[in-house]
Amino acid sequence: MNILMVAAENGTLPGGKVGGIGDVVRDLPPALAATGASVQVVMPGYQAFSKLEQAELVGHLDVPFAGTVETVTLAKIETGNGVDLWIIDSPLLAPQGVGRVYCHDPDSQPFATDATKFALFSAAVCELLLHRHFGVLDFVHLHDWHAAFVAMLLRYHSRYQAERTQRLVYTIHNLALQGIRPVDGNPSALKTWFPDFGAVDHQVMDLRYPDCINPVRAAINLCDTIHTVSPSYILEIQEPTNEKLGFYGGEGLDRDLRAAAAEDRLVGVLNGCDYADTPKKIPSWKRMLAVAEQAVTAWSLAEAADVHALALSRIAKWKSQPSPTCVLTSVGRATDQKLRILREGLTPQTSSLAQILTQLPPDAKLIMTGSGDAAYETFLFETAKAHDNFLFLRGYSEALGTILYAGGDLFLMPSSFEPCGISQLLAMRAGQPVVAHAVGGLRDTIIDNETGFLFNGANPRAQSLELVGTVTYAMELFYMNPSRYRLIREAASKVRFEWSKIAKQYRQSIYV
C-alpha cells in the first residue's frame, strides 16, 4: 500500500507544528510504515525547512499558477523512521516571513494570504502527481482545508485529467476553519490562481456566500473517504451549529456530512499519542518557574510587552514564596474554541476563570500558556492583573508545554468543541487529571471521575457554571480525599491510545 500525505504542518521538523495536525502528521506516518505501508509526506517549506542542514535539494518544478509559471524547489529530508518527507518551497510560500506556517489577514479578507499560498502548494503537489514523482499511489491523504485544493484540481482541472480517478482521503482536524475565498474578482480567488479552471461545480461552492468556493465543502463532497479524528465528533458535525446553546456541530456543512455518512464515506478514528517520551518524574516547582521564566524572557527580548513584564514580575514574586500544594495548568491556543467558556461572564472579574481563581485554596496556583486571538489574550492579561494566583504566559514553547503537562496536578481544557485534542492526552500521560467539556474527542478519551473530570451544560452560561463546579469538586477531592485523587491520577497515567493500534484502525477503516 502506497500512501501520500499532504499537510501544512509536520511536528517532525523544528517549527513545523502549530496544532494537532503537526502531531498527527509526525506520528501517524511512521506507525503506518510499521504495518508495512509505504508512506510519503509532502508539505510546504515556508522558506525554512528546505534550508535545513538535512534537507537535500532534489530539483526544481515549474508550476502553472496565476497566469504564469512559478518555479518551486523540491527537497527531501530523511526522517529515519521509514517515511519519505518532501518539501515544496518558494518565496511565495513565505509571504509574511520565513518559517511562518499561517498568516494573519484583516477581517475583510479572511484566509486571503494563506489561501493563495496553499493553492500554489496544492498545484505543485498535483504537478508531482502528474509526473508520477511519488510512484503509483493507492491513496492521497489530504489534511484540513490547506490541502483541499488538491481535490478540486484533480477532480475538475483539465490539466490533471489523468489523475482524476486517484483515490482521496480527507481528514477534518478543525471544521471551523474552511478557507473560504471568492471564485473570481480578487487577487486571492480561484480564477486568479487557476484562470483555466473551467466551470465551477456547485459541490465546491460555499452555501452561505454564493460567489465563493469552500475548500472544506469541496473536499467533503469530492473525496472517497472523509475522516474525523474521534468517533463522537462524527455525530456532532452532522448536526447544525447553535451558538446560542453553545453547541458547535457541522459549521454550515452538516447536510454534506450527513450525505457522506449515508454513503458510508464518513469514518471516525481517534488520534493517538506517543508514549515513548512520557515524563519519568514530576518536575519541582522551582524548575517549572525557571522554564517559564526562560520562555518569557526570550519572548520579551523579541517583543517588549506589558503581558511579558507582568509574567516576569509574578514569577519573581512566586519564587520568593513557598511552593504551592496544588498547581493547575492549561496549554492551548487563545481562541474562541478554547476559551469561550472560561470567558463567559459580564467582565473579566465575573468570568468563570475569575470565579475559579477566587475559589482556589490559598496554596493553589494556575499557570496558563498560549497565544492567538488578541481579544482573548487581553482577557487573560486583565484576569492575571486582578488575580495574583494566576500566571498567564502569552506564547508557547515545547519545553514550557512539556513541563506544564508533567508538573501540574489538574489540567483545564474546557473547549467549546474538540475534534480530538492532544493536550488532554499529554496531561493524562503524565498523570495529570483533566477537567474537560464532554464533547468530541474529550468525551472519547476521558472517563468522568475515573481518569478525569467532565462537565456539560445546555448553553454557554450553564457550561460556565458547570466548569466552575467541576473544578471545585476536583479541588475538594485533591484536598479532602487525596487517596481517591491519587487513584484518578494513576488511572489517567495508564490510559493508552497507542499509534500502533490507531494505524491498524486506519488500514481497516480508512484505507479500504
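Which strand pairs with β15 in the parallel sense over 3 bridges? In this predicted model, the partner is strand β16, residues 434-437. Phe-411 marks the spot, with Val-434 in β16 as its bridge partner. Between the two strands the chain passes through α14, and this β-α-β crossover is right-handed.

β15 has another neighbour. Strand β12 runs parallel to β15, and 2 bridges join them. Here Leu-328 stands opposite Leu-410 of β15. Now look at the side chains of β15. Leu-410 and Leu-412 point one way, while Phe-411 and Met-413 point the other way. All four of these residues are buried.

Follow the chain out of β15. Cys-420 lies in the loop between β15 (410-413) and α14 (423-429). Is Cys-420 buried or exposed? Its relative accessibility is 1%, so Cys-420 counts as buried. Setting aside neighbours within four places in sequence, Cys-420 is in contact with Val-229, Ser-230, Leu-270, Asn-271, Gly-441 and Leu-442. Ala-55 is another matter: 365 residues separate Cys-420 from Ala-55 along the chain, and their C-alpha atoms are 32 Å apart.

Next comes helix α13, residues 398-407. Why is α13 described as largely enclosed by the rest of the structure? Because 7 of its 10 residues are buried. These are Leu-400, Gly-401, Ile-403, Leu-404, Tyr-405, Ala-406 and Gly-407. The cover over them includes two helices already named or soon to come, α8 and α14. It also includes the strands β12 (326-331), β13 (364-370), β14 (390-394) and β15.

Helix α8 spans residues 285-302 and holds Ala-295. With 8% relative accessibility, Ala-295 counts as buried because the cut-off for that term is under 20%. Beyond its neighbours within four places in sequence, Ala-295 is in contact with Ser-397 and Leu-400. Leu-400 is one of the buried residues of α13. Gly-395 sits 100 residues from Ala-295 along the chain, yet their C-alpha atoms are separated by 8.3 Å.

Turn to the nonpolar cores. The largest has 99 residues. Within it, Val-6, Leu-32, Ile-88 and Tyr-170 have the most contacts. Helix α2 (residues 112-130) gives this core its largest share, 11 residues. Apart from this core lies another, of 41 residues, among them Met-288, Ala-436, Leu-454 and Phe-497.

Ile-88 shows what such a position looks like. Not counting residues up to four places away in sequence, Ile-88 touches a list that includes Val-42, Met-43, Pro-44, Val-72, Leu-74 and Leu-93. Phe-121, Ala-124, Val-125 and Leu-128 also touch Ile-88.

His-141 sits in strand β6, residues 139-143. Its relative accessible area is 0%, so His-141 is buried. Among the residues that His-141 touches are Ile-3, Leu-4, Met-5 and Val-6. Val-169, Thr-171, Tyr-506 and Tyr-511 touch His-141 too.

Two backbone angles deserve a look. Most residues other than glycine have a negative phi. Phe-111 has a phi near 70°. Its place is in the loop between β5 (83-89) and α2. With a relative accessible area of 24%, Phe-111 is partly exposed. Arg-132 also has a positive phi, about 55°, although it is not a glycine. Arg-132 is found in the loop between α2 and β6. At 43% relative accessible area, Arg-132 is partly exposed.

Finally, the rings. The count comes to 19 aromatic pairs. One of them is Trp-86 with Phe-134, an edge-to-face pair with 6.4 Å centre to centre and 75° between the planes. This pair links distant parts of the chain, 48 residues apart. Trp-86 belongs to strand β5, and Phe-134 to the loop between α2 and β6. Both residues are buried. Phe-111 returns here as a member of one aromatic cluster. Elsewhere, a charge meets a ring. The charged end of Arg-343 sits over Tyr-376, 4.0 Å from the centre of the ring.

Definitions and conventions
Residues numbered from 1 in each chain as written. Predicted model: local features only at pLDDT ≥ 70, side-chain atom pairs only at ≥ 80, totals over all residues. Heavy atoms only, no water. Helix = DSSP H or I, 4+ residues; strand = E, 2+ residues; numbered from the N terminus. Buried < 20%, exposed > 50% of the residue type's maximum accessible area, 1.4 Å probe, protein only. Contact = heavy atoms within 4.5 Å. Core = buried A, V, L, I, M, F, W, Y, C linked by side-chain atoms within 4.5 Å. Pairing = 2+ DSSP bridges. Right-handed = clockwise from strand over helix to strand, strands pointing away. Phe/Tyr/Trp six-rings, centres within 6.5 Å; stacked < 30°, edge-to-face > 60°. Lys NZ or Arg CZ within 6 Å of the ring centre and 35° of its normal.
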